[in-house]
Amino acid sequence: MARWDAILSLPVQNPPTLEISSADLVWSKVEGWHDKLDRVALIPFARVDDFVRGESNNKECPTRFHVEARRRRSPSMPFKQKVDGILEYILYWCSFGPDDHRKGGIVRPSRTTYVPKKKNAGRPNTKRGCTCHFIVKRLIAEPSVALIIYNDDKHVDKKGLPCHGPQDKKAAGTRAMFAPYISEDLRLRVLSLLYVGVSVETIMQRHNESVERQGGPCNRDDLLTHRYVRRQERAIRRSTYELDDDDAVSISMWVESHQSQVFFYEDLSDSDPFTLGIQTEWQLQQMIRFGNRGLLASDSRFGTNKLQYPIHSLLVFNSDKKAIPVAWIIAPRFSSLDAHRWMRALYNRVHTKDPTWKLAGFIVDDPLYDVLAIRDVFQCTVMISFWRIRHLWHKNIVKCLEIDMQIKISRRLGWIVDNICRLQGNMSLFEEFMEDFIDESKFMDYFKATWHPRIRAWINALQTLPLASQESCAAMEFYHNQLKIRLLNEKDMSVYLRADWLVDKLGTKVHSYFWLDEYSGKDGFARYWKNEWMSGLTSWRKALKIPDTDVLMEDGCAKVTDQDDRDKAFVVWNTGSMLSICNCSWAQEGNLCEHILKVLSICRQRGSILPSASLFQYHRALNNMLHCPPFDSLIRDHAVSLAVSVRSQLNTLLDKESVQTVVNPNKKQIIIDIPLESFRVVSCNWDRDLVSKKHVINDVLSEDGDGCEVRNDSNEAPGCATAMNDIADQAVDCGSTRNGQPFESAGEDSLPADMDVDPSSTCVSPPGLHSVDDTVSSDAFQVNKERGLSTTGNEISASENGALSNDKIEENILDKGGRDCAMDVDPPALDTPSSTAEDVKHCETHQNGVNGVPRAISCTKDADSHLGSPSTAMAVEPLALDMGENSGTIKEDVNSGSST
């Protein structure tokens, strides 16, 4: 019993990697049979396949492990609860063993009837007697844990000599030098090319050419055979989606044979609808890679008019900000009440692979989405995307109206939505709109029948949830059109009514197209592309490539020169509106084209329109956080530490060579004004007992330049709130300058100041939160710990012409990874206290603490405000960012000790 006590006391190891090898685990020695010591470790049973793949990809000796023996206890079989009881026993052996078919080798007695074949048909170079193997046991006491016993981890034969791989000299020039089978990446590539219609001969021709260019085979993938590709092509050609005449039975059979691709399945019953969640291994990897500290978007209503079972897609955004489907949910109807179960199953599947995986934001496209379920499962902020309603409005406006009326109605609808997002409108705006345009009966009949019942839900969502950026909307719209072209292209329309056809095509052809989109060598097959291969840049990325000189602004419209045909120009009406009209073919279909986005960018750059609604909501979220008074001294000290941390980071940015510790009075000063009564910061994770409700907001850094603008609306308090809003303006909407002049990079990867993007920091909100996000990222305290808060000055100096480059600022603003973020503003939002220049409060800190950490904090009111109540201020140097109201520039202080 001591043996099992030692085993069950071991920690369950779950490295946050896609594959697990023996080198990633800490192995323990426990008493085994015959007085031997077993080398054991515990991992989650769901990750056994990851361990097998990790051991197969051993760089020193690549191989493949197969199941040599398996015993499984039936769930219905009665059994006695025993500490050493086993639910499942699996013996994995290296594919080069255990038999030895070499000359003089030993073959087990049970295999004496083996007759050597003339050709190995792509198998390993016969069996070579490898003794490497391990045992996996699933215990009754811990069904979710796998016990791995790995005593023979060397790839040697019974004589103790290397029997395959680079260390075996006799294997040189044979297939035994490499792993016995092709890699998973090459297998997916071959299958994807076959599914999209590339011939076997073409695949082998391209493969052989690549092997010749590198001078011969050097890994297992170079040994791809024509026979293997032909066999895969034959299997695809002979396969059928209709496994049974009954659609429900056919689906059940597909689920049983594709267990690895199903993360949730619920058959139709009296209480629950049919629901099927599909996610391949590649999709899971993309979700972990791009979803961690990133955004997850939902396209919830694809195929509602044609398919019997609409498709609900979950998307992540890759490095090019293109949407990649990472899961498909198929159900007869999209019901927010049924979402919680499959969300939990998906979250558990991802966390099994990577326990550290966190989502920064979830974008929904339906106001009826179960927002509470998202926050409960993913513990992140939720945003609303306006792309679907804009797409449908635009499409019907173009179809039903003449050009003059298109311009008027789209301008009015855009103005209404913008006011609603800024909390300046309600349902009455739509009622007035329907009365004013009642003569346009064709469009109004559509609007009243389709959208009037949903308008209140949309108004509530737009006012209570942050609005996703147009960059995300463009990517979601591009994916929607890709899926439409790749899925709904069947000649026989009757197949759309079968769920087994839908599941089969999603898992084969459609999945192959999206996999090839990420394949770097797809251009080598360009001559075989079809319409379904439609890929390329999103409208947002295309807009970045249009130079400003190609945009000509005229009265009420703009002309954008076509990038392919310089003699052609497209006209954009309602410039700067959320519902602009363009006469290009892409926009006429209701899509958001690059010409509209570029004109919108130019308008914001020139200041002719208000900042985006997304930026307004981001400012409002910061305002709400900053106007919550701290409730104890711990939080107050926490806020001061954060301010010192931000100052230290700015010092490093402003002087790359050395941290400035002596303030030059002739240099420009950046002062941070912190109103004590209106600033609330919640402690980070290191003190969970004191603070249980928290959000995370990353450090917000600002660029310093002569041309920095300060946007201060009439309803925003000056002082700290205004400063933080200005910082957010530059960090989120990318207002970058060089030497005081506006700067816009022509490169594709750097975004201009006027483009609408999601806030580029990472925010993770745990469950049970109040309506305001009110925390500080723990990253700031990591910086504090590393630097020791050793700076001694209170002012941050920057030379007059020492403006930072956009790339350097982005490196720090984007949370060291360029990840997306969203600020979550739940209803009801806190009222922002009105204030004037005379009511600005200054937060003062004592600088005589240990290592520069302030020991006290106090506030005084400007002018004569201190006469009404006793002042607790002490004479210290202020740490403030004092922005003159509507001044547009940062104040310069001649006296180094003044606090402006």
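Author: Let us begin with the surface of this predicted model. Leu243, Val249 and Met253 make up a nonpolar patch there, and together they have about 210 Å² of accessible area.

Reader: Where does Leu243 lie?

Author: Leu243 is found in the loop between α5 (226-238) and α6 (247-257).

Reader: How many residues of helix α2 are buried?

Author: In α2, which spans residues 48-56, seven of the nine residues are buried, and the helix is mostly covered. Among the buried residues are Val48, Phe51 and Val52, as well as Asp50 and Glu55.

Reader: Why is strand β5 described as largely enclosed?

Author: Six of the seven residues of β5 (residues 133-139) are buried, so the rest of the structure largely encloses this strand.

Reader: Which way does β5 run relative to strand β4?

Author: The general idea concerns side chains: in a regular strand they alternate between the two faces of the sheet. Here, β4 (residues 86-94) and β5 run antiparallel and are joined by seven bridges. Trp93 stands opposite His133 of β5.

Reader: How many bridges join β5 to strand β6?

Author: Five bridges join β5 to β6 (residues 145-152), and these strands run antiparallel. Arg138 has Ala146 in β6 as its bridge partner. β5 and β6 form a hairpin, with five residues between them.

Key
Residues numbered from 1 in each chain as written. Predicted model: local features only at pLDDT ≥ 70, side-chain atom pairs only at ≥ 80, totals over all residues. Heavy atoms only, no water. Buried < 20%, exposed > 50% of the residue type's maximum accessible area, 1.4 Å probe, protein only. Helix = DSSP H or I, 4+ residues; strand = E, 2+ residues; numbered from the N terminus. Patch = residues over 30% accessible without salt bridge, like charges linked within 9 Å, V, L, I, M, F, W, Y side chains within 5 Å. Areas by Shrake-Rupley, 256 points an atom, 1.4 Å probe, with all protein chains shown as cover. Salt bridge = Lys/Arg side-chain N within 4 Å of Asp/Glu carboxyl O. Pairing = 2+ DSSP bridges.
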